[in-house]
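Welcome, and please open your viewer. We will go from one selection to the next, with a short note on what to find at each stop.

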Amino acid sequence: MNGIQPPTIEYGQLMPLLLVFGAAIVGVLIEAFAPRYLRKAIHVPLTMLTLLGAFGLVIVQVLRDGVPTAAVAMGAIAVDGPSLFIWGVILVLSVVSVLLINDDDNFVASAAAVPGSPDEEEAIARGGAHTEVYPLALFAIGGMMLFAASNDLLIMFVGLEVMSLPLYLLCGLARRRRLLSQESSVKYFLLGAFSSAFFLYGMAMIYGYAGTVDLGGINDALGRVGGQDTLLYLGTALLGVGLFFKIGAAPFQAWKPDVYQGAPTPITALMASGTLVAAFGAVLRVFWVALGNLDWDWRPVMWGIAILTMIVGAILAITQTDIKRMLAYSSIAHAGFLLTGVIATGEATQNANSLSALLFYLLAYGITTVGAFAVVTMVRDAGGEAGHLSRWAGLGKRSPALAGIFAFFLLAFAGIPLTSGFFGKYAVFAAAVAGGALPLVVVGVVSSAIAAFFYVRVIVLMFFSEPAADGPTIAVPSAGTAAVVALAAAATVVLGVYPQPVFDLADAAASSLFVR
Amino acid sequence: MTTHYLVLSALLFAIGAVGVLVRRNAIVVFMCVELMLNACNLAFVTFARQHGNLDGQIIAFFVMVVAAAEVVVGLAIIVTIFRTRRSASVDDANLLKY
Amino acid sequence: MGETITFWVLAVVSVSAALGLVLSRRAVYCALMLGVVMLSLAVLYAVQDAPFLAAVQIVVYTGAVMMLFLFVLMLVGVDSSDSLVETIKGQRFWAIVAGAGFAVLLGLAVGNAVLSPPAGLLGATQTAGGNVPALAQLIFTRHVFAFEVASALLITAALAAMVLTHRERLTEKPTQRALARARFLTGGSVVLPGPGVYARHNANDMPALLPDGSVSELSVNRVIARHDVEDERFPDDPKLAEAIKQAVEEESK
């Protein structure tokens, strides 16, 4: 019987991650011990300070130690340049989303009470609230960070579940239209579990091929192992199914509109920004680090998926009549644009270019998305948020400032110059052209144009049609929501006018590529 | 022998996938997902013996942990929606349509 | 030789049980079939040098997970069964075609891989002194972070169950005194019969009688009553037969 050598854990480098998980556990303890009336007053500062602190730690780490060059925690996690950038992006987006979550009135008073029952009315009358959403959101954020920074497939799977389980739950906690919300929760859960089973089987096949689930180890095995190519191809395909589901690429996009529409809007904002960023981090790790030398085999399939995703997202967005569903389809189209960057691999410099473009795009898109959903929470009528597009008619005449900001966000989605979306798209498409994916870029530009048509239609609807007599009211925003809208608008302008510092940062993060 | 085990696991996985697609009771759909996870575990254990390293068994162990947590969350969600609608059929959940 | 026999027996058992899971209409049968699959897989793990996983499979899957499934099935109504009407036309047919194609694809992929004879786990386990110590060594060194993070999953699960199903008591629990007062004030039946006082049988299918001799509808077993109506076998007692019919009518409303 041998003793076990204690593992080496680089606590310093893992600190942002550990801080987020630690705060989540403290949050659970608060739920258990703090009196009800104090809970929210403790949770909000705790959550905000944690996220800001973790963001600060990321920056301090980069300034003090530079970018680490080896995997940490016994090779389980890779805290490299892209990871640190993605962590920063996820943390910024979560701070903004938590400001939205903090806004009252979005979450159910008592999730266990049947909708419409006397129990529910009583819970609302007594001002019940589920403060558990804060620790749950922290767990989800920690899962996102883990998912994007994993260095082996096992930790990636665990991260995927840590990220998803709280989100399945949070989706079902909307205060209004609770049936819709619960339904979205069930759908998200069943489809998510189905897709993670595919991810897992793909992982089994890759393990069978390589004998390891280490991303670097898989890459080494690519040249060494012979006669088992079928396992490798099958594994790649099934892993891809699991990952494409999470980013919502066609044909695995079906859950996105339903879930985005049903979930409480702050949670939709967190999912649409944070989950997408984390999932792209994971996609890049699997397809670039582990299967990078197999790119001749996966590239044709990914071409097809990227084209399909862009077209499906852009065309189906046109037929939508609900604002949240429309934003969901727009998110699908953007996932397609991002995939063009994933395809554009080549030499090391080319890879670094694509990676830096992708990182910039993820930041720009994420922040604009959170802003757009923040605006959605403010346009309300008697039944809660006014989701149907016809209710938005004439918004520009009732509330020009808000409508103007929303129009600006839509223009950023469309990629009009002087917005962050323009530089994001430009960088990704330029990298794709350099990577030899010109036809993809053509499809991308065409579908951008199709999508722009729809965004412009919404803008026209807001500014040039008569407001309905019983139109929605604009809720006076809470300080948090107002700050979110202002921050997102400012970031969209700054990244659209003077993006160079962020580009430099993304370049620096991408230049060392991923550690193996 | 390894191939036999793998074909068995592939068969169970495919049966589970068909079950997810054809069944409509949310609880049964979820059971089919569990069947798929079990099939994955069989593949992991088989490959662990094939390669002579224990990573596969470790992964299977973690899959069991994850599955246990997932079952709790999933069944809690399903019970909630059942209490609202008195039905666990995924067809009755059809408010979200475009 | 022993392994081959075990494999073939359990392969047949587990595949038929898996088919049973997909095909049987009643959710409880599905759960039992899933239990059979899980037990067969536990034995297959044991055969393949994974004794620890075999034990965990039985404890976690057949013990905890299956119990949870059965528990929830009881909660939502054990007699819930799927309707066989297809909502999407041809969905079942195409799902089965796709599934068969998928099975063939998977089977060909794993069957075509040229595999050397298994290396066996003897080397990996011997140095550590057995399967469990070897696994422990890996879990607490190489995979320690995954192990720690898994706790986040378990906490999330506990929190989820609490949030979604725990109803906090908002009002005081009524005392016996308050209940009695309410009953007297509404002028309902003042004295309730004690349990079993008016029963003529202790069988489950015999409803209880109220003090005035009529059948208490509350005590008619719904499942048995439904079967009675379906098979048209009513008891001789006309009052009882009437109560059974009413119970089923109310159920179907």
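Start by selecting Arg177(A): with 19 C-beta neighbours inside 10 Å, this residue counts as partly exposed. In this tour a residue is buried if 20 or more other C-beta atoms lie within 10 Å of its own, exposed if 12 or fewer, and partly exposed in between, with C-beta atoms placed from the backbone. Arg177(A) sits in the loop between α6 and α7 of chain A. Its phi is positive, about 50 degrees, although Arg177(A) is not a glycine.

Before moving on, two notes on what you are viewing. This is a predicted model, in which local features need pLDDT of at least 70, side-chain atom pairs count only at pLDDT 80 or more, and totals for chains, interfaces and linings use all residues. Residues are numbered from 1 along each chain as its sequence is written, while chains are lettered from A and ligands numbered from 1 in the order in which they are written.

Next, select Ala73(A), in the loop between α2 (36-65) and α3 (81-102) of chain A. Element names follow DSSP runs numbered from the N terminus: helices are H or I with at least four residues, strands are E with at least two. Ala73(A) is not a glycine, yet has a positive phi of about 55 degrees. Is Ala73(A) buried or exposed? Ala73(A) counts as buried, because 25 C-beta neighbours lie inside 10 Å.

Now go to Pro251(A), in the loop between α9 (229-247) and α10 of chain A. Show the backbone here: the peptide bond joining Ala250(A) and Pro251(A) is cis, with omega about 0 degrees.

Colour chain B by itself. Chain B has three helices and zero strands, and 77% of its 98 residues count as buried. Of the contacts in chain B with a separation of 6 or more, 46% are between residues 24 or more positions apart. Two residues are in contact if their C-beta atoms, placed from the backbone, lie within 7 Å.

Select α3(B), residues 55-85. Of its 31 residues, 26 are buried, so α3(B) is mostly covered.

**Where chain A touches chain B**

Show chains A and B together. Their contact takes 37 residues from chain A and 35 residues from chain B. On the chain A side, the elements giving two or more residues are α6 (153-171), α7 (178-210) and α10 (255-262). Which element gives the most? The answer is α7(A), with 17 residues. By class, this side of chain A has 22 nonpolar, eleven polar and four charged residues. Here Ala, Val, Leu, Ile, Met, Phe, Trp, Tyr, Cys and Pro count as nonpolar, Asp, Glu, Lys and Arg as charged, and the others, Gly among them, as polar.

Two packed helices are described by the angle between their axes and the distance between the axes. The axes of α6(A) and α3(B) come within 11 Å and cross at roughly 5 degrees. That makes α6(A) roughly parallel to α3(B). Axes are lines fitted to C-alpha atoms, for helices over the stretch in contact, and angles run from 0 to 180 degrees between N-to-C directions. Angles under 35 degrees count as roughly parallel, over 145 as roughly antiparallel, 65 to 115 as roughly perpendicular and the rest as oblique. Among the residues that meet here are Leu154(A), Val158(A) and Glu161(A) in α6(A), and Ile59(B), Phe62(B) and Glu70(B) in α3(B). This contact has eleven nonpolar, no polar and two charged residues.

**On to chain C**

Chain C has ten helices and zero strands, and 27% of its 253 residues count as buried. Its contact with chain B takes 69 residues from chain C and 61 residues from chain B. The largest share of the chain C side, 13 residues, comes from α3(C).

For the last stop, select α5(A), residues 133-148, with α7(C): their axes come within 11 Å and cross at roughly 150 degrees. That makes α5(A) roughly antiparallel to α7(C). Look for Phe139(A) and Leu146(A) in α5(A), and Val149(C) and Leu159(C) in α7(C), which are among the residues that meet.
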